[in-house]
Amino acid sequence: MVSEHVAAAAQVLVASNRGPVTYALEENGELTAKRGGGGLVSGLSAIGGSGDPDGSGGGTEALWVCAALGDGDREAVRRGVGEPGVRMLDIDAGSHDGVHADAYNGIANSVLWFVHHMLYQTPLEPAFGTEFRDQWASYETYNRAFAEALAESAADGAAVLVQDYHLALVPGMLRELRPDLRIGHFSHTPWAPVDYFRMLPDDIAEQLLRGILGADRAAFLTGRWADAFTACCVDVIGGTSGTRIGVHGLGADADFLRERSRRGDVEERLVGLREQVGLGRKVIVRVDRTELSKNIVRGLLAYRQLLEDHPEWRERVVHVAFAYPSRQDLAVYRDYTAEVRRVADEINSEYGVAGWTPVVLHVKDDFARSLAAYRLADVALVNPIRDGMNLVAKEVPVVSDEGCVLVLSREAGAYEELGEDAVVVNPYDVTGTASALHVALTMPVEERAERTKRLAAAATALPPAQWFLDQLRALGA
């Protein structure tokens, strides 16, 4: 089943697991729509037509194909409710929970994410048995549903931009159905090095690569990830089969961030944060989902090491840590979120005194409060184990009121663009990260200001709309 708002012959199509709108089913039976933000929404707005994220566009030149992710979304599909320029798929409606849960949680988030972020505890995992094979069949079904929807909705010679690891098989499937289309695939995650990628069963590794190579062009956030993909193709199947490889480093939307960070709700939260921090104290900020790759626990351990190694910072610095719960339907993520809380509480118990709470931890997602923290930051800590890009690293220098020092993991995609003006760390080295925090906190004001200026310029070099349009142009659209 699909939304009644289906473009019969779209010239530009985007496919992603999550779409630009989600629906909530209210107690009275009414459906309410909430529109999202981000690079793809901005991009479709830039090309106009029916892809306009506010729903005002009236044409059929752009179409977003996405999955119904929740009960509200599925009910919207059943009722034929939808937004212009959005085709929402309730995949295998008769057994939705099985196909979607297996494809999304079983494969995309528990296998592909773990491989590309190198998160497995290899003495025990992975173990690819019959359960994995059943889940992989659902992943194939999920991808095939997207490919068929795109094939049905695309005009002759249309441009199709397929997004991310959830839909790695779509380009190859779509190529078979519609050889006339110009197809691009974009990976928002890192790509695993060959030795790690080869943990996957050989047939699955080949299927994934050939799926993406069904595109005319496969693109990545950094040259490092593009090179890793190419190396895997060479090792597993002998080459990239004529698919062009590209790099588009998604940047921050400076105009939006600067305007949004000055609104009343942000000012209100800024006042609250300043009260929690206390007068005259330095502020180390991190804003992350409690995603295993974000390395929040080691960041907290490094802060504790800073307080131990440099007691002069006690009562003079506060770590404002926003750790927003992610993927709580997976036990390993629930356990990780609990560990973040435990370590933060332990630091506060060990070092806190009346009038000074060393770690201010918030776990409820609040975008306005995040922007307030960006403005307050003297130091931004971005220390992922591995990250496709990390937009927080790019956003904080743009929004910071007084300029901030970026402490950045060399394993973040953003390192490629921002490393020269950041204080760079090995994400596994807790003592090294503690030393980097001390360097950042003691950096002269003039140097901090100059670095912030250069970081902000690099961070906004390819804003979301331009990022999207560059990919269309590269496809010849």
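Begin by selecting helix α11 (residues 296–309) together with helix α12 (residues 331–351) in this predicted model. Their axes come within 9 Å and cross at roughly 10 degrees. Because angles under 35 degrees count as roughly parallel, α11 is classed as roughly parallel to α12.

Next, display the side chains at this contact. From α11, select Ile296, Val297, Leu300, Leu301, Tyr303, Arg304, Leu307 and Glu308. From α12, the contributing residues are Tyr336, Glu339, Val340, Val343, Ala344, Glu346, Ile347, Glu350 and Tyr351. Coloured by class, the contact of α11 with α12 shows twelve nonpolar and five charged residues, with no polar ones.

Now turn to the sheet. Seven strands make up an open sheet with parallel pairing, in the order β5-β4-β1-β6-β7-β8-β9. Select β5 (86–89) and β9 (244–247) to find the edges. Each of these two has a single partner strand, so one side of each lacks a neighbour in the sheet. Viewed along the sheet, the twist from one strand to the next averages 20 degrees.

Finally, select helix α18 (residues 464–474). Its buried residues are Pro464, Trp467, Phe468, Gln471 and Leu472. Look down the axis of α18: these buried residues fall within an arc of 135 degrees, and therefore line one face of the helix. The tour ends at glycine 476, which follows α18 and has a positive phi, near 85 degrees.

Key: Residues are numbered from 1 along each chain as its sequence is written. This is a predicted model: local features need pLDDT of at least 70, side-chain atom pairs count only at pLDDT 80 or more; totals for chains, interfaces and linings use all residues. Side-chain values use heavy atoms; hydrogens and water are left out. Axes are lines fitted to C-alpha atoms, for helices over the stretch in contact, and angles run from 0 to 180 degrees between N-to-C directions. Helices (H or I, at least four residues) and strands (E, at least two) are DSSP runs, numbered from the N terminus. Angles under 35 degrees count as roughly parallel, over 145 as roughly antiparallel, 65 to 115 as roughly perpendicular and the rest as oblique. Contact means heavy atoms within 4.5 Å. Ala, Val, Leu, Ile, Met, Phe, Trp, Tyr, Cys and Pro count as nonpolar, Asp, Glu, Lys and Arg as charged, and the others, Gly among them, as polar. Two strands pair if DSSP finds at least two bridges between them. Buried means under 20% relative accessible area, exposed over 50%, partly exposed in between (1.4 Å probe, protein chains only). The arc is that of the directions from the helix axis to the C-beta atoms.
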